[in-house]
Amino acid sequence: MFCGVDEAGRGSVMGPLVVGAVFVEDDSILKEIGVKDSKKLTPKRRESMYDRITESADHYSVAIMTAEDIDLRREHESLNEIELAMFAEATGSHPASVVYADCPDVNESAFQMHLSARLGGTDVVARHKADDTYPVVSAASIIAKVTRDRLISDISAEFGEDIGSGYPSDLKTIGFIEKWIKENGCSPRYTRNSWETVRNIKSRLSVRKITDW
């Protein structure tokens, strides 16, 4: 049994960080499905593949961390350390002889060593862009991405407004956060307040308020 693991939402300013893991004895079914890096697929295609992956894989799991928990953990841990723990949680949910990971750290060998240690010595192959190389990691990226997209959709529904993708590059997301802070004096729920993006928005709006006088 081998496993692939990847994340979705690492750089997001709103919404959770999601790690997906997929376990298979043979990745031929994943190749047949045509899995690839989730970012290269349309939302509709990802949803379709998600269903086929979850039906075909021997096992799959997800680890989810809320924006609030990320902020708390960031007080004493780096984002890489947070992801390492989540990768270990997701991949440790089922036995595997080898774990293939899309490495979030610039140092592949260090991340590989630390994840292996967390898993009790399990062989780990951590590579950048592993979701382009290993079908089982591509499948894990799809599980993570679809799970996160669904959660973002739930958040939009809760606010009664489309918050966008949750990423700092999304003008819809930034516009929503700015409007909420202007109207309520605080960030909206599900926002990662430890992100520099949010601090900059608050600082900019604070300066505007002073100059309004």
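Predicted model: local features only at pLDDT ≥ 70, side-chain atom pairs only at ≥ 80, totals over all residues.
Visitor: How many disulfides does a search of the whole structure find?

Guide: A disulfide is a pair of cysteine sulfur atoms within 2.5 Å. The search of the whole structure returns zero disulfides. Cys3, for instance, takes part in none, and the nearest cysteine sulfur, belonging to Cys103, is 15 Å away.

Visitor: Is Cys3 buried or exposed, and what is the relative accessible area of Cys186?

Guide: Burial is read from relative accessible area: under 20% counts as buried, over 50% as exposed, and values in between as partly exposed. Cys3 has a relative accessible area of 0%, so this residue is buried. Cys186 is partly exposed because its relative accessible area is 39%.

Visitor: In which sense does β2 pair with β1 and with β3?

Guide: Two strands pair if at least two bridges are found between them. Strand β1, residues 2-8, pairs with β2 in the antiparallel sense over seven bridges. β2 also pairs with strand β3, residues 59-65, in the antiparallel sense over seven bridges.

Visitor: Which residue in β2 is the bridge partner of Glu7, and which residue in β3 stands opposite Gly20?

Guide: The partner of Glu7 is Val19. Opposite Gly20 stands Val62 in β3.

Technical notes. Residues numbered from 1 in each chain as written. Heavy atoms only, no water. Buried < 20%, exposed > 50% of the residue type's maximum accessible area, 1.4 Å probe, protein only. Helix = DSSP H or I, 4+ residues; strand = E, 2+ residues; numbered from the N terminus.
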